[in-house]
Amino acid sequence: MYQAQRLEEIITLLEERGSLSAKEMVDYFQVSKDTVRRDFSILAKENRAQRTHGGLLSIKKQPILGFKDRREQSSKEKEKIASLAKELISNGDLLFLDVSTTVLELAKILEKEVSIFSHSLDNALILGGKENVDFHILGGKFHKKNRFYYSLEESDILNSIKFDLAFFGAASLSDGQVSFEDQEDVLMKKRAFKTSKTRVLLAETSKISKHSHFILSELADFDYWITDKEPDIEIQRSLDGKTTILF
């Protein structure tokens, strides 16, 4: 079987199953591991599938992973985004930090004297020990999968706070909308989004191919979108004059 034929067969199998392992394809095609790795790399490069550790995911069917799983992915890209985001922060700023693995990278490298509100357990663990940070945790019921707190009373507190900057992650950027998996999480974010002077989105371009359920806002509603690489020209045109893109 030629490589082109094998690639099409892999896509067909991927559409049927949603995910494939390298071992499955070695056995299926009776080829070497190196051959399968090359096939997987080609499909990922062509944006026809997503590489995972030891396998391949259908882009149409790829799941929104939990916080712990997301934290292990694309660390270099997240670090790059966080480094660019840090440049927007000044001493004395009042910040909101979202529940996000990319925002968590920003929390790790924050050095300025700032005040921060967040409903993220992981942000609290990182920022609670920094002497230069006046950190406030927004409590409530703990949601284990994505490691955040929510209560209506705590979210109402955000209505009376005018943040200098608010940093948000994203589960999905499909259709030009920033969306997430948890309704309670989005209710908390909306309060901070509404009362912030400057709204900053930290999200990789790969989020465009993912799909989630609860919408925070349109991508064009953000002042900045900091991402890992240059977005498609059509997306840039749609945001021209609305959102500054940094990458």
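Biologist: What makes the charged end of K189 count as sitting over the ring of F180?

Modeller: In this predicted model, the charged end of K189 is 4.1 Å from the centre of the F180 ring. The cut-off is 6 Å, with a further limit of 35 degrees from the ring normal. The charged end of R199 likewise sits over the ring of F193, 4.2 Å from its centre.

Biologist: Why is the pair of F168 and F222 called edge-to-face?

Modeller: The planes of F168 and F222 are 75° apart, and planes over 60 degrees apart count as edge-to-face. Their centres are 5.9 Å apart, and rings pair if their centres lie within 6.5 Å.

Biologist: What does the pair of F168 and F222 tie together?

Modeller: F168 lies in strand β9 and F222 in the loop between β12 and β13, so the pair ties together parts that are 54 residues apart in sequence.

Biologist: Why is F142 called partly exposed?

Modeller: F142 has a relative accessible area of 29%, which falls between the 20% limit for buried and the 50% limit for exposed.

Biologist: What makes V200 buried?

Modeller: The relative accessible area of V200 is 0%, and the limit is under 20%, so V200 counts as buried. V200 lies in strand β11, and its contacts beyond four places in sequence include F168 and F222.

Notes:
Residues are numbered from 1 along each chain as its sequence is written. This is a predicted model: local features need pLDDT of at least 70, side-chain atom pairs count only at pLDDT 80 or more; totals for chains, interfaces and linings use all residues. Side-chain values use heavy atoms; hydrogens and water are left out. Helices (H or I, at least four residues) and strands (E, at least two) are DSSP runs, numbered from the N terminus. Buried means under 20% relative accessible area, exposed over 50%, partly exposed in between (1.4 Å probe, protein chains only). Contact means heavy atoms within 4.5 Å. Rings of Phe, Tyr and Trp (its six-membered ring) pair if their centres lie within 6.5 Å; planes under 30 degrees apart count as stacked, over 60 as edge-to-face and the rest as tilted.
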